[in-house]
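Subject: Structure handed over, with notes

Dear colleague,

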Amino acid sequence: IRHSTQATDATTLVVGSAGQHLLDALDVEASLDCILRRNTFQPGAQIRLVRDKVTRSLDDIVQLRPGGYPDGHIRVKPAPLAAALDDGFTVVLDGIDLRDPISTTLAGLFERAFGCVVNINAYLSSSVDPSFGAHWDDQEVVILQLIGRKDWTIEQPAGLSMHKVAHGEATSGQVAWHGRVRAGDAMYIPRGWGHTVNGIGELTYHYTITIPRVNGLQLLESVLGQLAMSVDATAGETVSPVMLGAAPSHEDWDGVVANLGLPVDPATVDDLVRCALARVRFGIPRRSTGSVKATLDAMLAADLAGTMVRSVNPGGWVVVTGSTSEVDADERVIIGTAGQLASLPHHLLDTVAGLTDGRVHDAGSAPPGVVHDLLRIGFLEVVTDPKAWGLTLA
(Lines give C-alpha, C1' and ligand atoms only; values in the text may rest on other atoms or scores of the structure.)
Protein backbone atom coordinates (compact mmCIF):
# COMPACT_ATOMS: atom_id res chain seq x y z
CA ILE A 1 0.00 0.00 0.00
CA ARG A 2 2.78 2.42 0.85
CA HIS A 3 3.90 2.49 -2.79
CA SER A 4 0.46 3.26 -4.15
CA THR A 5 -1.23 5.66 -1.77
CA GLN A 6 -0.89 9.00 -0.08
CA ALA A 7 2.36 9.24 1.92
CA THR A 8 0.75 11.52 4.49
CA ASP A 9 3.38 11.02 7.15
CA ALA A 10 6.24 11.73 4.77
CA THR A 11 4.95 15.10 3.57
CA THR A 12 5.23 18.53 5.10
CA LEU A 13 4.05 22.07 4.61
CA VAL A 14 5.52 23.89 1.61
CA VAL A 15 5.23 27.67 1.14
CA GLY A 16 6.44 29.14 -2.13
CA SER A 17 5.35 30.90 -5.31
CA ALA A 18 3.28 29.89 -8.30
CA GLY A 19 4.89 30.07 -11.73
CA GLN A 20 4.39 33.39 -13.48
CA HIS A 21 3.22 31.60 -16.64
CA LEU A 22 0.39 30.04 -14.61
CA LEU A 23 -0.66 33.38 -13.15
CA ASP A 24 -0.59 34.96 -16.61
CA ALA A 25 -2.67 32.11 -18.06
CA LEU A 26 -5.28 32.33 -15.29
CA ASP A 27 -5.91 36.06 -15.99
CA VAL A 28 -7.69 36.16 -12.64
CA GLU A 29 -9.55 39.48 -12.72
CA ALA A 30 -10.99 38.89 -16.18
CA SER A 31 -11.90 35.31 -15.27
CA LEU A 32 -13.64 36.30 -12.02
CA ASP A 33 -15.54 39.09 -13.75
CA CYS A 34 -16.71 36.68 -16.45
CA ILE A 35 -17.77 34.02 -13.93
CA LEU A 36 -19.83 36.41 -11.84
CA ARG A 37 -21.47 38.10 -14.82
CA ARG A 38 -22.18 35.12 -17.07
CA ASN A 39 -22.37 31.92 -15.00
CA THR A 40 -25.53 30.52 -13.52
CA PHE A 41 -25.26 29.47 -9.86
CA GLN A 42 -27.22 27.01 -7.76
CA PRO A 43 -27.34 28.46 -4.21
CA GLY A 44 -25.76 26.17 -1.66
CA ALA A 45 -24.29 23.81 -4.23
CA GLN A 46 -22.22 26.25 -6.30
CA ILE A 47 -22.11 29.46 -4.28
CA ARG A 48 -22.13 30.06 -0.53
CA LEU A 49 -21.68 32.97 1.87
CA VAL A 50 -19.84 31.98 5.05
CA ARG A 51 -18.71 33.85 8.17
CA ASP A 52 -17.46 32.21 11.37
CA LYS A 53 -18.59 28.79 10.08
CA VAL A 54 -22.16 30.08 9.61
CA THR A 55 -23.74 30.04 6.15
CA ARG A 56 -25.91 33.00 5.20
CA SER A 57 -29.07 32.97 3.07
CA LEU A 58 -28.60 33.88 -0.59
CA ASP A 59 -32.16 35.08 -1.24
CA ASP A 60 -31.06 38.69 -1.76
CA ILE A 61 -27.85 37.77 -3.58
CA VAL A 62 -29.09 35.73 -6.53
CA GLN A 63 -31.98 36.21 -8.92
CA LEU A 64 -33.63 34.08 -11.56
CA ARG A 65 -33.47 35.44 -15.07
CA PRO A 66 -35.16 33.98 -18.16
CA GLY A 67 -32.69 32.39 -20.51
CA GLY A 68 -31.83 29.54 -22.83
CA TYR A 69 -31.99 26.94 -20.07
CA PRO A 70 -35.43 25.45 -19.24
CA ASP A 71 -35.20 26.82 -15.70
CA GLY A 72 -33.56 30.09 -16.71
CA HIS A 73 -30.32 31.50 -15.33
CA ILE A 74 -29.62 32.07 -11.64
CA ARG A 75 -27.27 35.05 -11.65
CA VAL A 76 -25.46 36.91 -8.88
CA LYS A 77 -26.50 40.51 -8.13
CA PRO A 78 -23.30 42.58 -7.75
CA ALA A 79 -24.50 45.21 -5.24
CA PRO A 80 -25.86 42.79 -2.58
CA LEU A 81 -22.81 40.60 -3.07
CA ALA A 82 -20.50 43.56 -2.38
CA ALA A 83 -22.56 44.44 0.71
CA ALA A 84 -22.16 40.90 2.01
CA LEU A 85 -18.40 41.14 1.52
CA ASP A 86 -18.36 44.42 3.49
CA ASP A 87 -20.36 42.68 6.21
CA GLY A 88 -17.58 40.14 6.73
CA PHE A 89 -18.83 37.23 4.65
CA THR A 90 -16.65 35.14 2.35
CA VAL A 91 -18.03 34.18 -1.04
CA VAL A 92 -17.26 30.51 -1.73
CA LEU A 93 -17.49 29.50 -5.39
CA ASP A 94 -17.55 25.70 -5.50
CA GLY A 95 -16.34 23.84 -8.56
CA ILE A 96 -14.52 26.71 -10.21
CA ASP A 97 -12.77 24.09 -12.35
CA LEU A 98 -16.11 23.50 -14.12
CA ARG A 99 -16.60 27.19 -14.90
CA ASP A 100 -13.28 28.52 -16.15
CA PRO A 101 -11.36 26.85 -19.03
CA ILE A 102 -7.90 27.55 -17.63
CA SER A 103 -8.93 26.20 -14.22
CA THR A 104 -10.29 23.13 -15.99
CA THR A 105 -6.88 22.56 -17.53
CA LEU A 106 -5.19 23.16 -14.15
CA ALA A 107 -7.42 20.61 -12.42
CA GLY A 108 -6.70 18.10 -15.17
CA LEU A 109 -2.95 18.50 -14.71
CA PHE A 110 -3.30 17.82 -10.98
CA GLU A 111 -5.52 14.80 -11.68
CA ARG A 112 -2.97 13.35 -14.06
CA ALA A 113 -0.21 13.84 -11.48
CA PHE A 114 -2.04 12.61 -8.37
CA GLY A 115 -4.32 9.95 -9.84
CA CYS A 116 -7.60 11.13 -8.31
CA VAL A 117 -10.51 13.47 -9.07
CA VAL A 118 -9.52 17.04 -8.13
CA ASN A 119 -11.78 20.02 -7.55
CA ILE A 120 -11.03 23.73 -7.25
CA ASN A 121 -12.99 26.11 -5.03
CA ALA A 122 -12.50 29.87 -5.04
CA TYR A 123 -12.76 32.18 -2.01
CA LEU A 124 -13.49 35.91 -2.30
CA SER A 125 -13.45 38.14 0.80
CA SER A 126 -12.60 41.64 1.99
CA SER A 127 -12.91 41.50 5.79
CA VAL A 128 -10.75 40.39 8.71
CA ASP A 129 -13.48 37.97 9.84
CA PRO A 130 -12.49 34.29 9.55
CA SER A 131 -14.75 32.07 7.46
CA PHE A 132 -14.19 28.65 8.96
CA GLY A 133 -11.96 29.17 12.02
CA ALA A 134 -9.24 26.68 12.94
CA HIS A 135 -9.79 23.41 11.08
CA TRP A 136 -8.00 20.65 9.22
CA ASP A 137 -8.85 18.82 6.00
CA ASP A 138 -8.80 15.09 5.41
CA GLN A 139 -7.26 15.58 1.97
CA GLU A 140 -4.26 17.41 0.60
CA VAL A 141 -4.79 20.98 -0.57
CA VAL A 142 -2.84 23.46 -2.64
CA ILE A 143 -3.54 27.16 -2.06
CA LEU A 144 -3.03 29.70 -4.86
CA GLN A 145 -3.33 33.30 -3.66
CA LEU A 146 -4.46 35.29 -6.68
CA ILE A 147 -5.59 38.72 -5.45
CA GLY A 148 -4.65 40.56 -2.26
CA ARG A 149 -3.10 39.26 0.97
CA LYS A 150 -4.14 37.04 3.87
CA ASP A 151 -2.58 35.87 7.12
CA TRP A 152 -2.27 32.10 7.55
CA THR A 153 -1.45 30.08 10.65
CA ILE A 154 -0.56 26.44 9.98
CA GLU A 155 -0.53 23.85 12.78
CA GLN A 156 1.22 20.50 12.90
CA PRO A 157 -1.03 17.44 12.61
CA ALA A 158 -2.42 16.02 15.85
CA GLY A 159 -1.49 12.50 14.78
CA LEU A 160 -0.20 10.35 11.96
CA SER A 161 -2.43 9.51 8.99
CA MET A 162 -5.16 11.83 10.22
CA HIS A 163 -8.75 10.64 9.86
CA LYS A 164 -11.85 12.50 11.08
CA VAL A 165 -13.40 9.37 12.62
CA ALA A 166 -10.30 8.69 14.72
CA HIS A 167 -9.08 12.21 15.49
CA GLY A 168 -12.16 14.44 15.52
CA GLU A 169 -12.33 18.01 14.28
CA ALA A 170 -9.92 19.76 16.68
CA THR A 171 -6.51 20.99 15.52
CA SER A 172 -3.31 20.35 17.46
CA GLY A 173 -2.64 23.96 18.52
CA GLN A 174 1.06 23.46 17.71
CA VAL A 175 1.94 26.25 15.27
CA ALA A 176 4.26 25.18 12.49
CA TRP A 177 4.18 28.38 10.44
CA HIS A 178 2.58 31.83 10.53
CA GLY A 179 2.87 34.41 7.81
CA ARG A 180 1.27 36.66 5.23
CA VAL A 181 0.45 35.13 1.86
CA ARG A 182 0.50 37.53 -1.09
CA ALA A 183 -0.81 37.41 -4.64
CA GLY A 184 1.30 34.91 -6.55
CA ASP A 185 2.16 32.81 -3.49
CA ALA A 186 1.30 29.13 -3.27
CA MET A 187 1.11 26.66 -0.37
CA TYR A 188 0.89 22.89 -0.17
CA ILE A 189 -0.88 21.75 3.03
CA PRO A 190 -0.82 18.00 3.71
CA ARG A 191 -3.79 16.11 5.06
CA GLY A 192 -4.33 16.69 8.77
CA TRP A 193 -2.42 19.96 9.14
CA GLY A 194 -4.64 22.53 10.90
CA HIS A 195 -4.93 26.07 9.59
CA THR A 196 -6.58 29.39 10.37
CA VAL A 197 -7.04 32.14 7.78
CA ASN A 198 -7.60 35.84 8.52
CA GLY A 199 -8.00 38.77 6.15
CA ILE A 200 -6.32 42.12 6.68
CA GLY A 201 -9.17 44.34 5.45
CA GLU A 202 -8.50 44.22 1.72
CA LEU A 203 -10.06 42.35 -1.18
CA THR A 204 -8.58 38.87 -1.52
CA TYR A 205 -9.21 35.95 -3.82
CA HIS A 206 -7.63 32.52 -3.74
CA TYR A 207 -8.05 29.01 -5.12
CA THR A 208 -8.11 25.90 -2.95
CA ILE A 209 -7.17 22.86 -5.03
CA THR A 210 -8.50 19.82 -3.18
CA ILE A 211 -6.60 16.55 -3.78
CA PRO A 212 -8.29 13.51 -2.18
CA ARG A 213 -5.47 11.15 -3.06
CA VAL A 214 -6.13 7.44 -2.65
CA ASN A 215 -5.22 6.29 0.87
CA GLY A 216 -4.59 2.94 2.52
CA LEU A 217 -8.06 2.66 4.05
CA GLN A 218 -9.70 3.02 0.66
CA LEU A 219 -7.47 0.37 -0.88
CA LEU A 220 -7.95 -1.99 2.04
CA GLU A 221 -11.73 -1.63 1.83
CA SER A 222 -11.66 -2.40 -1.89
CA VAL A 223 -9.33 -5.39 -1.52
CA LEU A 224 -11.27 -6.93 1.36
CA GLY A 225 -14.53 -6.44 -0.53
CA GLN A 226 -13.16 -8.22 -3.58
CA LEU A 227 -11.72 -11.03 -1.47
CA ALA A 228 -15.02 -11.51 0.35
CA MET A 229 -16.90 -11.76 -2.95
CA SER A 230 -14.41 -14.27 -4.34
CA VAL A 231 -14.54 -16.75 -1.43
CA ASP A 232 -17.55 -18.68 -2.79
CA ALA A 233 -17.20 -17.63 -6.43
CA THR A 234 -16.42 -20.22 -9.04
CA ALA A 235 -13.17 -19.93 -10.90
CA GLY A 236 -13.36 -17.92 -14.09
CA GLU A 237 -11.30 -15.78 -16.41
CA THR A 238 -9.21 -13.13 -14.72
CA VAL A 239 -8.82 -9.49 -15.69
CA SER A 240 -5.31 -8.11 -15.94
CA PRO A 241 -5.08 -4.54 -14.63
CA VAL A 242 -2.54 -2.11 -15.98
CA MET A 243 0.45 -1.41 -13.76
CA LEU A 244 -0.04 2.03 -12.20
CA GLY A 245 3.26 2.59 -10.48
CA ALA A 246 5.15 0.10 -8.35
CA ALA A 247 2.97 -2.58 -6.76
CA PRO A 248 3.23 -3.41 -3.05
CA SER A 249 5.71 -6.15 -2.28
CA HIS A 250 4.47 -9.58 -1.20
CA GLU A 251 6.00 -9.02 2.22
CA ASP A 252 3.72 -6.03 2.76
CA TRP A 253 0.70 -8.31 2.60
CA ASP A 254 1.96 -11.37 4.46
CA GLY A 255 0.53 -10.35 7.82
CA VAL A 256 -2.76 -9.08 6.36
CA VAL A 257 -3.44 -12.16 4.25
CA ALA A 258 -2.49 -14.54 7.07
CA ASN A 259 -5.17 -13.01 9.29
CA LEU A 260 -7.93 -13.03 6.68
CA GLY A 261 -8.53 -16.75 6.76
CA LEU A 262 -9.23 -16.59 3.02
CA PRO A 263 -7.83 -18.93 0.34
CA VAL A 264 -5.70 -16.30 -1.36
CA ASP A 265 -2.01 -15.57 -1.73
CA PRO A 266 -0.19 -12.24 -1.64
CA ALA A 267 0.14 -12.20 -5.43
CA THR A 268 -3.65 -12.22 -5.72
CA VAL A 269 -3.85 -9.29 -3.33
CA ASP A 270 -1.28 -7.44 -5.43
CA ASP A 271 -3.56 -7.86 -8.45
CA LEU A 272 -6.55 -6.59 -6.45
CA VAL A 273 -4.61 -3.48 -5.40
CA ARG A 274 -3.75 -2.73 -9.01
CA CYS A 275 -7.38 -3.30 -9.96
CA ALA A 276 -8.51 -0.85 -7.26
CA LEU A 277 -6.10 1.80 -8.50
CA ALA A 278 -7.15 1.17 -12.09
CA ARG A 279 -10.81 1.71 -11.14
CA VAL A 280 -9.93 5.05 -9.56
CA ARG A 281 -8.11 6.14 -12.72
CA PHE A 282 -10.94 4.87 -14.91
CA GLY A 283 -13.42 7.02 -12.95
CA ILE A 284 -11.62 10.34 -13.48
CA PRO A 285 -13.86 12.32 -15.88
CA ARG A 286 -12.97 14.17 -19.08
CA ARG A 287 -11.46 17.65 -18.91
CA SER A 288 -12.28 19.20 -22.25
CA THR A 289 -11.06 22.73 -23.03
CA GLY A 290 -10.57 22.67 -26.79
CA SER A 291 -12.75 23.86 -29.63
CA VAL A 292 -15.68 21.57 -30.44
CA LYS A 293 -15.91 22.99 -33.97
CA ALA A 294 -12.18 22.51 -34.58
CA THR A 295 -12.42 18.93 -33.35
CA LEU A 296 -15.37 18.20 -35.64
CA ASP A 297 -13.56 19.79 -38.59
CA ALA A 298 -10.48 17.65 -37.89
CA MET A 299 -12.61 14.50 -37.85
CA LEU A 300 -13.68 15.32 -41.42
CA ALA A 301 -10.27 16.42 -42.70
CA ALA A 302 -8.13 14.03 -44.73
CA ASP A 303 -4.81 15.67 -43.82
CA LEU A 304 -4.19 16.39 -40.13
CA ALA A 305 -0.64 17.71 -40.43
CA GLY A 306 -0.24 20.82 -38.29
CA THR A 307 -3.39 20.09 -36.25
CA MET A 308 -2.68 20.27 -32.53
CA VAL A 309 -4.38 17.59 -30.42
CA ARG A 310 -4.30 16.56 -26.76
CA SER A 311 -5.91 14.01 -24.48
CA VAL A 312 -9.04 15.12 -22.63
CA ASN A 313 -8.79 12.28 -20.11
CA PRO A 314 -6.43 13.13 -17.21
CA GLY A 315 -6.87 9.67 -15.66
CA GLY A 316 -4.90 8.19 -18.53
CA TRP A 317 -6.12 4.78 -19.60
CA VAL A 318 -6.02 1.24 -18.32
CA VAL A 319 -5.89 -2.13 -20.06
CA VAL A 320 -9.20 -3.79 -19.24
CA THR A 321 -8.82 -7.15 -21.01
CA GLY A 322 -5.84 -9.08 -22.21
CA SER A 323 -2.29 -9.22 -20.95
CA THR A 324 -0.09 -6.89 -22.96
CA SER A 325 2.71 -9.47 -22.89
CA GLU A 326 0.66 -12.43 -24.10
CA VAL A 327 -1.17 -11.25 -27.23
CA ASP A 328 -0.24 -11.10 -30.88
CA ALA A 329 0.53 -7.75 -32.47
CA ASP A 330 -2.76 -7.64 -34.37
CA GLU A 331 -4.93 -9.01 -31.57
CA ARG A 332 -7.32 -6.43 -30.16
CA VAL A 333 -7.27 -5.35 -26.54
CA ILE A 334 -9.80 -3.29 -24.61
CA ILE A 335 -8.65 -0.08 -22.95
CA GLY A 336 -10.73 2.11 -20.68
CA THR A 337 -10.60 5.78 -19.81
CA ALA A 338 -12.99 8.36 -18.35
CA GLY A 339 -15.75 5.78 -18.00
CA GLN A 340 -15.69 4.55 -21.58
CA LEU A 341 -14.09 1.60 -23.38
CA ALA A 342 -12.37 1.25 -26.74
CA SER A 343 -10.91 -1.64 -28.70
CA LEU A 344 -7.64 -1.35 -30.60
CA PRO A 345 -4.90 -3.61 -31.96
CA HIS A 346 -2.13 -4.44 -29.53
CA HIS A 347 0.55 -2.95 -31.79
CA LEU A 348 -1.08 0.50 -31.48
CA LEU A 349 -0.80 0.66 -27.68
CA ASP A 350 2.47 2.59 -27.77
CA THR A 351 1.13 5.03 -30.38
CA VAL A 352 -2.00 5.74 -28.34
CA ALA A 353 0.06 6.12 -25.17
CA GLY A 354 2.25 8.69 -26.91
CA LEU A 355 -0.74 10.76 -28.00
CA THR A 356 -2.67 10.61 -24.71
CA ASP A 357 0.00 11.75 -22.26
CA GLY A 358 -1.69 15.12 -21.61
CA ARG A 359 0.67 17.19 -23.71
CA VAL A 360 -0.09 18.82 -27.06
CA HIS A 361 0.91 16.83 -30.15
CA ASP A 362 0.98 17.46 -33.87
CA ALA A 363 -1.61 15.04 -35.24
CA GLY A 364 0.53 14.59 -38.36
CA SER A 365 3.09 12.64 -36.31
CA ALA A 366 0.75 9.62 -36.03
CA PRO A 367 -1.14 7.50 -38.56
CA PRO A 368 -4.17 9.56 -39.70
CA GLY A 369 -6.59 6.70 -39.13
CA VAL A 370 -5.55 6.39 -35.50
CA VAL A 371 -5.94 10.11 -34.80
CA HIS A 372 -9.32 10.21 -36.55
CA ASP A 373 -10.55 7.27 -34.45
CA LEU A 374 -9.29 8.83 -31.20
CA LEU A 375 -11.01 12.12 -32.07
CA ARG A 376 -14.22 10.30 -32.96
CA ILE A 377 -14.46 8.36 -29.69
CA GLY A 378 -13.44 11.37 -27.59
CA PHE A 379 -9.95 10.34 -26.49
CA LEU A 380 -8.48 13.44 -28.15
CA GLU A 381 -9.58 17.00 -28.88
CA VAL A 382 -8.17 19.77 -31.07
CA VAL A 383 -6.42 22.66 -29.32
CA THR A 384 -6.30 25.79 -31.48
CA ASP A 385 -3.99 27.82 -29.22
CA PRO A 386 -1.82 25.69 -26.89
CA LYS A 387 -0.10 28.69 -25.29
CA ALA A 388 -3.44 30.24 -24.31
CA TRP A 389 -4.22 27.18 -22.20
CA GLY A 390 -0.84 26.96 -20.53
CA LEU A 391 -0.07 23.71 -22.38
CA THR A 392 3.26 22.62 -23.81
CA LEU A 393 3.95 21.17 -27.24
CA ALA A 394 5.48 17.71 -27.21
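What follows is a description of the findings, going from the whole chain to single residues.

Please keep in mind that this is a predicted model. The protein has 11 helices and 19 strands, and buried residues make up 47% of its 394 residues. Among contacts between residues at least 6 apart in sequence, 77% join residues at least 24 apart.

The largest nonpolar core has 43 residues, of which Leu 93, Leu 144, Tyr 205, Tyr 207 and Ile 209 touch the most other members. Tyr 207 has contacts, beyond residues up to four places away in sequence, that include Leu 26, Ile 96, Ser 103, Ile 120, Val 142 and Leu 144, as well as the polar residues Ser 31, Asp 100 and Asn 121. Another core, of 23 residues, lies apart from the largest one and has Trp 317, Ala 342, Val 352 and Phe 379 among its members.

After α4 comes Gly 115, which has a positive phi near 70°.

Turning to the aromatic residues, a search of the whole structure finds three aromatic pairs. One of them joins Phe 110 and Phe 114, whose ring centres are 6.0 Å apart and whose planes make an angle of 10°, so this pair is stacked. Both residues belong to α4, and because they are four residues apart there, about one helical turn separates them. Phe 110 counts as buried because its relative accessibility is 17%, whereas Phe 114, at 23%, is partly exposed. The pair of Tyr 123 and Phe 132 is edge-to-face, because the planes of the rings are at 85°, with the centres 6.3 Å apart. In that pair, Tyr 123 is buried at a relative accessible area of 13%, while Phe 132 is partly exposed at 25%.

The charged end of Lys 164 sits over the ring of Trp 136, at 4.7 Å from the ring centre, and that of Arg 56 sits over the ring of Phe 89, at 5.6 Å from the centre.

Finally, where is Ser 126 found? Ser 126 lies in the loop between β7 and β8, and with a relative accessibility of 19% it counts as buried, since the cut-off is under 20%. A polar atom of the Ser 126 side chain lies 3.2 Å from the backbone oxygen of Leu 85. Leu 85 is also one of the residues that Ser 126 touches, along with Asp 86, Gly 201, Glu 202 and Leu 203, when residues up to four places away in sequence are not counted.

With best regards

Key
Residues are numbered from 1 along each chain as its sequence is written. This is a predicted model: local features need pLDDT of at least 70, side-chain atom pairs count only at pLDDT 80 or more; totals for chains, interfaces and linings use all residues. Side-chain values use heavy atoms; hydrogens and water are left out. Helices (H or I, at least four residues) and strands (E, at least two) are DSSP runs, numbered from the N terminus. Rings of Phe, Tyr and Trp (its six-membered ring) pair if their centres lie within 6.5 Å; planes under 30 degrees apart count as stacked, over 60 as edge-to-face and the rest as tilted. Buried means under 20% relative accessible area, exposed over 50%, partly exposed in between (1.4 Å probe, protein chains only). A charge sits over a ring if NZ of Lys or CZ of Arg is within 6 Å of the ring centre and within 35 degrees of the ring normal. A nonpolar core is a set of buried Ala, Val, Leu, Ile, Met, Phe, Trp, Tyr and Cys residues joined through side-chain atoms within 4.5 Å. Contact means heavy atoms within 4.5 Å. A polar contact is a pair of N or O atoms within 3.5 Å; within protein, one must be able to donate a hydrogen and the other to accept it, and residues adjacent in sequence count only if both atoms are side-chain atoms.
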